[in-house]
Amino acid sequence: MNVTSRLTALAVCGGLLAGVAAGSGRAGAADQPPIVIGTTISQTGSYAEDAKYALQGYQLWVNQQNAKGGLLGRKIELKYYDDASDPATAVTQYQKLVQQDKVALLVGPYSSAITAAVANVAEQNKMPMISPEVSSVAPFKRGLKWVFQGQAQSTRYVAGAIDIAKQNGYKKIAVTGEDTAFPRSIAQAIPDLAKEAGLEIVFNELYPHNASDYTAIAQKIKQANPDAVFGISYFPDSIGLLRALKQANVTPKELFFAVGPTEPNFGKEAGKDADGVLSTTNWSANLKTADNGDFTKAFQAMFKSNPDYHSAANYAALQVLAAAINKNKSLDADKIREFMATTKVPTVMGTYEVDSSGIQVGYNSLTLQWQGGSQYVVWPASYQQKKPQLPFPAWTR
Amino acid sequence: MIAKRAGYAVLALLFVVLLLAPLSGNGYIVSLCYITALFVALAYGWNLISGYAGYLSFGQITFFGIGAYAVAIGVTRFHLPWYLCAALGGVACAALAVPMGWLMLRLRGPFFALGMLGLAQTARILTNLTPISGGSEGIYLPPGANAIAAYYWTLAIMVGGVVLTAAIDRNAFGLRLRALREDERAAGTLGVDTTRSNVQAFVLSAIFPALLGGGYAWYLTYVEPNSIYSTEIELQTVAMAILGGMGTLWGPLVGGLIMSQVSESLSTRFPQTHLMIFGALIVVLLIALPRGIVPAVAAFLKKRGIA
Amino acid sequence: MRPELVLQLTIDGLLLGGVFALAALGLNVIFGVTRIVNLAHGNIVVLTALSAAIAFQRFGITPIEGLPVAMVGGALLGVIIDRLILRRLPEDAPTAETTSLLLTFGVSYFLVGLSLAIFTGDFRSVAYLTGSWLVGPLSIGKSRFLAFAVAIVIAAMLGVLLRSTKIGRALRAASQNLDGARACGVSIDRMRTLSFGLGSAIAAAAGALLSMIYAVNPDSGSQFTLIAFSVVALGGLGSYAGALLGSAILGLAVSFVGFFGNTQLGAMMPYVVFILVLLFRPSGLLGKSVA
């Protein structure tokens with residue numbers, strides 16, 4: 001027996017002992033059925049990439065909480081289906097979760113479009129639901145009572161990019177992005193924010209989902225000769241746009257893509273061209289928020305990769321849910337709803353707080369920059385890991 | 001005879017079950033029945049142009065989208081009742097389908113099929129660019145107990161699809177269409193007005209997705225170009241009609257019922273590989289039963305002398 | 001308007017045309033001989049692009065170095081699709097055209113699922129040759145130029161192959177007159193398999209090169225099929241010069257309409273142009289008339 005296997009054996013024995021001890025301590029936990037929390041996740045279809053991180057946030061929390069003995073002395077089980085990125089499928093599955101599987105609690109799916117559709121199921125069945133993957137505020141403007149936003153509002157995603165432009169004296173801004181619900185809600189907020197900061201919009205045009213090419217938009221941006229380019233883009237269009245800007249030799253002093261480069265594998269797919277690109281995140285490992293250090297470490301241990309802000313927001317949604325249950329000592333829907341609507345809860349994302357429409361006002365956005373192949377928080381100054389490197393470096397040929 | 005009677009008994013039973021399903025008060029059952037009825041009805045609409053007339057279309061979702069937006073815009077901007085808007089959407093699409101069919105039906109085979117797919121993409125982008133549609137932000141409808149109303153609407157259209165197809169299956173119009181499908185030139189020389197018959201079939205098959213799209217908007221309470229002009233819905237419909245049997249009366253019903261159940265249980269049981277299994281299933285079934293399930297069963301029964 | 005801007009947009013449009021042509025040439029080879037529109041074409045492009053990204057990121061193999069392997073792999077896949085699936089269809093069935101289209105539709109679903117199982121839903125891309133050459137005020141993207149050049153070379157080689165070799169003449173005979181070719185001793189079966197292998201090898205080459213321009217995931221396949229089909233239909237079926245001409249027109253349309261109009265209108269161009277041209281010239285720009 002070598003050292004490693006001895007240690008492993010020891011650890012296994014220790015784990016077993018601890019398990020026995022925990023089991024004997026809480027005899028009730030085994031007898032009662034688990035508390036089932038239901039959701040859908042887009043494991044296939046166009047949202048599959050980001051949704052994976054979101055699901056991992058839920059899974060980690062459930063794992064950790066069960067290790068601590070669950071909630072109200074009961075184990076917790078996460079029940080989820082693949083909604084294939086399709087809202088109608090998600091509606092059917094949420095109905096199934098409520099009616100057939102009789103889940104005790106609901107949490108939100110991935111994306112604004114799917115949340116907008118399944119919100120109706122939560123409302124109809126009077127089940128409180130925090131939706132951590134809806135950043136557009138539009139779904140909340142039609143009077144939802146049972147659904148709460150668990151993600152920073154989309155208008156906050158560009159605050160850092162605008163502030164950085166202002167601080168560095170970059171006056172002329174070009175705005176582009178994908179013409180779908182979420183990027184558009186950000187793009188529409190930019191003119192007002194820019195005006196406040198004394199910046200000028202010299203170009204503003206969106207391209208369609210599944211655009212066949214970005215060359216024309218890169219040429220137009222070049223003609224507008226901006227100091228800063230703000231692309232409100234997802235992952236594939238961030239890459240497409242980055243390459244088109246480089247090949248057209250567009251040389252802004254600040255280059256910002258809203259959410260594509262937030263994903264940790266952007267550096268791998270974009271290569272050296274990623275360096276200097278700014279992006280948004282709503283969470284970072286160095287935030288001094290509740291349990292954040294534990295969260296990051298446990299995530300790395302469980303999934304052998306780093307969490308992103310989707311993982312954090314989904315984890316935070318369950319933190320709030322747990323706080324509501326622990327406070328009320330019950331699963332009573334009305335009490336949980338009341339708690340979610342009125343209480344400020346510290347989470348890994350910051351302080352959860354919603355206004356009277358259920359819109360999130362507590363969470364904020366941070367700005368990242370890719371430097372030397374890694375992401376660092378560069379804005380706001382209070383959370384800065386590194387100083388922003390500006391202007392954007394000249395393209396290496 | 002026995003088989004036929006048994007068949008009608010099963011149909012009657014099925015209809016009663018579908019009619020009474022919402023009384024269970026179970027939202028999941030309503031959703032499941034809604035999705036099934038939606039796809040069966042879509043397959044009946046598709047079957048008219050692609051099954052009977054023989055013009056394979058990948059673009060009927062265009063009319064589905066227009067119908068959905070008719071309801072979303074009518075309800076939120078003009079405060080009309082949703083079923084009125086859905087009916088108006090159907091009328092609008094019928095009117096639109098006349099010139100569109102006249103143009104597009106000059107294309108043949110794969111040109112028509114992919115031309116229609118291109119048309120659907122164009123419609124999606126145009127909807128994005130039209131201010132009244134809310135663009136990519138979409139339109140939110142008032143939340144409420146919409147599912148049951150949308151379900152009965154869809155069920156009625158599904159039954160309409162069966163009745164209409166049964167009529168066409170027997171009358172002279174259906175005969176003309178089938179003659180055209182087998183040999184357009186020969187039918188033309190025999191005095192069939194080829195363009196007219198084909199355009200008629202195209203218009204009929206446009207009305208179905210238009211009406212169904214209206215119900216879909218009311219069911220989802222949210223419309224947005226990418227999830228409404230959905231290639232996925234289009235392709236699922238096509239797959240269902242093919243597997244059941246194109247150009248047959250019962251093909252869309254059988255294909256739709258089987259496929260919606262198979263697809264649901266595949267995706268819950270094999271989340272990683274269900275697309276692969278689904279694709280393999282289509283290929284294997286097409287090779288084994290090139291004309292679909294219904295004609296194969298009919299042939300089998302005939303051989304045994306039961307039907 | 002400054003002349004260098006027009007020149008730049010023309011270059012951009014032509015290079016984009018090269019990208020389109022690359023995606024389209026393989027589809028054209030298969031359609032020319034078999035009259036089958038292979039709806040799984042774009043999925044082969046994407047499958048190769050994803051493999052190219054993995055080869056580059058894990059092993060440092062550039063798509064250019066990997067090109068021969070990719071083409072052999074693509075050819076094998078094409079041969080398998082034909083031998084295992086399409087040839088099981090009775091050739092003379094009245095619905096053969098429709099059924100074969102549907103079969104490739106099933107294959108397309110299968111390949112999407114297969115790619116998802118192997119590569120997950122992540123978007124992938126190759127960060128190689130992403131820069132451009134600067135010539136005075138003009139810029140020429142390196143990866144795009146490469147795609148453009150390879151498209152021309154492949155089209156030229158296909159032209160030579162079809163005109164000057166025995167196999168090529170047999171392929172042409174098969175595409176023009178099935179019964180006549182059979183009477184002259186050409187094995188139609190083998191020609192079909194050959195065209196599927198050749199067409200899919202070209203699709204694989206396209207995938208390897210396009211991985212340097214776009215980020216793709218398993219769901220991106222149908223876009224490439226649609227673009228490829230637009231190009232082929234526009235230029236004329238079975239005409240390789242036509243495919244080049246068609247893709248140049250579409251590339252220029254996307255580039256100029258996108259610049260002077262709106263990017264969204266530009267993105268509509270491939271569909272609009274192809275529908276319009278077909279309505280007035282059903283056989284495409286350079287195609288021979290098809291019944």
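I'll start with polar contacts: between chain A and chain C there are 24 residue pairs in polar contact, with both residues at pLDDT 80 or more. Keep in mind that this is a predicted model.

Staying with that pair of chains, the salt bridges between chain A and chain C come to two. In one of these, C:R144 pairs with A:D213, and the closest N and O atoms are 3.2 Å apart.

Which parts of chain A face chain C? The elements giving two or more residues to that side are α3 (48-67), β7 (200-207), α8 (215-224), α9 (235-247) and α10 (266-270) of chain A. Of these, α8(A) gives the most, with seven residues. Sorted by class, the side of chain A that touches chain C holds twelve nonpolar, twelve polar and 13 charged residues.

Now the extent of the interface. In residue terms, 37 residues of chain A are in contact with 43 residues of chain C. The size of an interface is often given as the accessible area lost when the parts come together. Here, chain A and chain C bury about 3300 Å² between them, and 48% of that is on carbon and sulfur atoms. On the chain A side, A:S212, A:R243 and A:Q247 supply 21% of the area buried against chain C, more than any other three residues.

Next, the interior. In soluble globular proteins, nonpolar side chains tend to be buried together. In this model the largest nonpolar core has 213 residues, and those with the most contacts inside it are A:L106, B:F58, B:F63, B:Y151, B:F202 and B:Y216. The element that gives the most to this core is helix α2 (residues 27-52) of chain B, with 16 residues. Apart from this core lies another, of 74 residues, which includes A:L60, A:L78, A:I162 and A:L318.

Last, one position in chain C. C:L27 lies in helix α1 (residues 3-34) of chain C. Is C:L27 buried or exposed? Its relative accessible area is 2%, so C:L27 counts as buried, the cut-off being under 20%. Leaving aside neighbours within four places in sequence, C:L27 is in contact with C:N38, C:H41, C:A228, C:F229 and C:V232. As for C:N217, which is 190 residues from C:L27 along the chain, the C-alpha atoms of the two are separated by 21 Å.

Key:
Residues are numbered from 1 along each chain as its sequence is written. Chains are lettered from A and ligands numbered from 1 in the order in which they are written. This is a predicted model: local features need pLDDT of at least 70, side-chain atom pairs count only at pLDDT 80 or more; totals for chains, interfaces and linings use all residues. Side-chain values use heavy atoms; hydrogens and water are left out. A nonpolar core is a set of buried Ala, Val, Leu, Ile, Met, Phe, Trp, Tyr and Cys residues joined through side-chain atoms within 4.5 Å. Buried means under 20% relative accessible area, exposed over 50%, partly exposed in between (1.4 Å probe, protein chains only). Helices (H or I, at least four residues) and strands (E, at least two) are DSSP runs, numbered from the N terminus. Contact means heavy atoms within 4.5 Å. Buried area is the accessible area (1.4 Å probe) that two parts lose on being put together, summed over both. A salt bridge is a side-chain nitrogen of Lys or Arg within 4 Å of a carboxyl oxygen of Asp or Glu. A polar contact is a pair of N or O atoms within 3.5 Å; within protein, one must be able to donate a hydrogen and the other to accept it, and residues adjacent in sequence count only if both atoms are side-chain atoms. Ala, Val, Leu, Ile, Met, Phe, Trp, Tyr, Cys and Pro count as nonpolar, Asp, Glu, Lys and Arg as charged, and the others, Gly among them, as polar.
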